[in-house]
Amino acid sequence: MNGPSKELSIVIPAYGECAQLPDLLRSLLAEEVAREAEILVIDDGSPRPVEPSLREILAAFKDAQCVRKPNGGGPSARNFGADRAKGRRLLFIDQDLQLPRDFVATLVKVAEEFGPAAVSALYENRLESTSPFAEWYGI
């Protein structure tokens, strides 16, 4: 982590056309916890830079940026973002996800409540979920 600490950094590795990334960013804007977070979109050497198509939506966050790096794959992009993150907590989100309402706030709540070193969630976009996470937190 570099610089002054924030509560949460969200790292989003991105590659290619990223057609669903604006929708993901809009869903994050709908959550106060995410709007206050540091947002790091890591362009993993896409053939065409992704930043120009995201400028307007990234400007809506308090602290968001798109950083381009040479292609190295998803894990490399996550590590690159983690190295630059300022947050006390770190959340990785894939570029093609559509998050349920209050997803980030729920993960932060779980981390605060149980104090684990890591919190993980498998989100399945379907009406019925058998996940204890979904049952416990009503998502």
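In this predicted model, buried residues account for 40% of the 139 residues of the protein chain. The chain contains 6 helices and 4 strands, which follow one another along the sequence in the pattern β-α-α-β-α-β-α-β-α-α. Of the contacts between residues at least 6 apart in sequence, 76% join residues at least 24 apart.

The strands are considered next. An open sheet of 4 strands is present, with the order S3-S2-S1-S4 and parallel pairing. Strand S3 (63-69) and strand S4 (87-92) form the edges, as each of them pairs on one side only. From one strand to the next, the twist averages 20°. In general, the strands of a sheet pair through backbone hydrogen bonds, in either a parallel or an antiparallel manner. Between S1 and S4, the parallel pairing extends over 5 bridges; within this region, Ser9 has Leu90 in S4 as its bridge partner.

Two helices that pack on the sheet were examined. Helix H1 touches S1 and S2, and its direction makes about 165° with that of S1. Helix H3 also packs on the sheet, where it touches S2 and S3; the direction of H3 makes about 170° with that of S3.

In H1, which spans residues 21-29, the buried positions are Leu21, Leu24, Leu25, Leu28 and Leu29. Viewed down the axis of H1, these residues fall within an arc of 145°, and they therefore line one face of the helix. The elements that cover them include strand S1 (6-14) and strand S2 (38-44), together with helix H2 (32-36), helix H3 (51-58) and helix H5 (103-114).

In H3, the buried residues are Leu54, Ile57 and Leu58. Because they cover an arc of only 90° around the axis, these residues lie on the same side of H3. The face turned away from this buried side carries the exposed residues Arg55 and Glu56. Among the elements covering the buried residues of H3 are H1, S2 and S3. Helix H3 in turn is included in the cover of the buried residues of H1.

Two individual polar residues were also considered. Ser46 is located in the loop between S2 and H3. With a relative accessible area of 1%, Ser46 is classed as buried, because this value is under 20%. Its side chain makes a polar contact of 2.9 Å with the side chain of Asp43. When residues up to four places away in sequence are not counted, Ser46 touches Ala14, Tyr15, Gly16 and Arg68.

Leaving aside residues up to four places away in sequence, Asp63 touches Lys6, Ala37, Glu38, Ile39 and Lys86.

How values were computed. Residues numbered from 1 in each chain as written. Predicted model: local features only at pLDDT ≥ 70, side-chain atom pairs only at ≥ 80, totals over all residues. Heavy atoms only, no water. Buried < 20%, exposed > 50% of the residue type's maximum accessible area, 1.4 Å probe, protein only. Arc of directions from axis to C-beta. Contact = heavy atoms within 4.5 Å. Pairing = 2+ DSSP bridges. Axes fitted to C-alpha atoms, helices over the stretch in contact; angles between N-to-C directions. Polar contact = N/O pair within 3.5 Å; in protein donor to acceptor, adjacent residues only side chain to side chain.
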